[in-house]
Amino acid sequence: MSPTISPLNRRLYKLVMSDEFDVPGREFGDGKDPKWTALDKNDYTNDALHYYAEGNVRTNEDGELVISTEVGDTDVVGFDEAKLEKVHEKKHFRSAMLQSWNKFCFTGGIVEAEITLPGKPDVGGLWPAFWLLGNLARHTYVGSSMHIWPWSSNECNDRTEGGQQINACLHSDHWGMKTGFGRGAPEIDIFEVQPGPIKRN
């Protein structure tokens, strides 16, 4: 692949990571791929109805990454936030999520992807997305994102001091931190799509 030139500032960008998914039969379970990890765990964010299963993502003979969503029961142990106790529940759908968490990080540049969206535009129920999350948090591991997500600010004020765990009001100058600088895990949505006739948000 040749370097990309930004149409905004004519700056030349060097390609630092590319994955064409052109090897059939790749496996993405924990520890099986150098670039990606397919989750195999419950998703209890956003009232999710699915379970993320590593078997629902694969590469095919045409050099494509395929994520499948299917009807299928999975028994999981969840957590009741109100009662503060573990609960057994059943998820009736399975899908997949690939993460590059702690495998590939970058601090700026251009992200490109060629993606075919699933389903029909007038039928709801799916929520495909392609997005980035700062490395301090990991999606579906909710405790990792408390007071870290969804933004990062270097300002010191009442909002950031109370809302961002690593904020610019702190005077820490160890563990790689600098006084007056905040750190968070911003979420950058390239796209999130909710098809169907019902308009939300």
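In this report a residue is called buried under 20% relative accessible area, exposed over 50%, and partly exposed in between, with a 1.4 Å probe and protein chains only. By that scale Glu61 is exposed, with a relative accessible area of 71%.

The structure is a predicted model, so local features need pLDDT of at least 70 and side-chain atom pairs count only at pLDDT 80 or more, while totals for chains, interfaces and linings use all residues. Residues are numbered from 1 along each chain as its sequence is written, and side-chain values use heavy atoms, with hydrogens and water left out.

**Overall build**

Let us start with the whole protein. Its secondary structure comes to 1 helix and 12 strands, where helices (H or I, at least four residues) and strands (E, at least two) are DSSP runs numbered from the N terminus. Along the sequence the order is β-β-β-β-β-β-β-β-β-β-β-α-β. The C-alpha atoms fill a box of roughly 55 × 50 × 40 Å along the principal axes. Of the 201 residues, 27% are buried. Taking contact to mean heavy atoms within 4.5 Å, 54% of the contacts between residues at least 6 apart in sequence join residues at least 24 apart.

**Surface and charge**

Accessible areas come from the Shrake-Rupley method with a 1.4 Å probe, and for residues only the protein chains shown count as cover. The protein exposes about 14500 Å², and carbon and sulfur atoms supply 53% of that area.

For charges, Lys and Arg count as positive and Asp and Glu as negative, with His and the chain ends not counted. Each charge is placed at NZ of Lys, CZ of Arg, CG of Asp or CD of Glu. The protein has 21 positive and 30 negative charges, and their mean positions are 2 Å apart.

Patches are made of residues with over 30% relative accessible area and no salt bridge; like charges are joined within 9 Å, and nonpolar side chains (Val, Leu, Ile, Met, Phe, Trp, Tyr) within 5 Å. Glu61, Asp62, Glu64 and Glu114 form a negative patch; Glu61 sits in the loop between strand 6 (57–59) and strand 7 (65–67). Leu49, Val71 and Phe93 make a nonpolar patch of about 320 Å². Phe93 belongs to strand 9 (residues 85–95) and is partly exposed at 35% relative accessibility.

**Salt bridges**

A salt bridge is a side-chain nitrogen of Lys or Arg within 4 Å of a carboxyl oxygen of Asp or Glu. The count comes to 6 salt bridges.

| Pair | N to O distance |
|---|---|
| Lys32 and Glu54 | 3.5 Å |
| Arg94 and Glu70 | 3.3 Å |
| Asp75 and Lys90 | 2.7 Å |

Lys32 lies in the loop between strand 2 (12–13) and strand 3 (37–38) and Glu54 in the loop between strand 5 and strand 6, so their bridge ties together parts 22 residues apart in sequence. Arg94 in strand 9 and Glu70 in strand 8 (residues 70–80) are 24 residues apart and link distant parts of the chain. Asp75 lies in strand 8 and Lys90 in strand 9, so this pair ties together parts that are 15 residues apart in sequence. Asp75 is exposed at 60% relative accessibility, whereas Lys90 is partly exposed at 41%. Asp19, Arg26 and Asp33 are also linked, in a network of salt bridges.

**Residues worth a look**

Which side chain of opposite charge is nearest to Arg138, a buried residue with no salt bridge? It is Asp30, 5.7 Å away. Arg138 lies in the loop between strand 11 (129–133) and helix 1 (158–163). Not counting residues up to four places away in sequence, Arg138 touches Thr37, Leu39, Gln99, Trp101, Leu133 and Ser144.

That loop between strand 11 and helix 1 also holds Pro150, and the peptide bond from Trp149 to Pro150 is cis, with omega near 5 degrees. Asp47 is placed in the loop between strand 4 (41–42) and strand 5 (50–52) and is exposed at 73% relative accessibility.

Finally, Val123 is found in the loop between strand 10 (98–99) and strand 11. Val123 and Pro197 are 74 residues apart in sequence, with their C-alpha atoms 7.1 Å apart in space. Leaving aside neighbours within four places in sequence, Val123 is in contact with Pro195 and Gly196.
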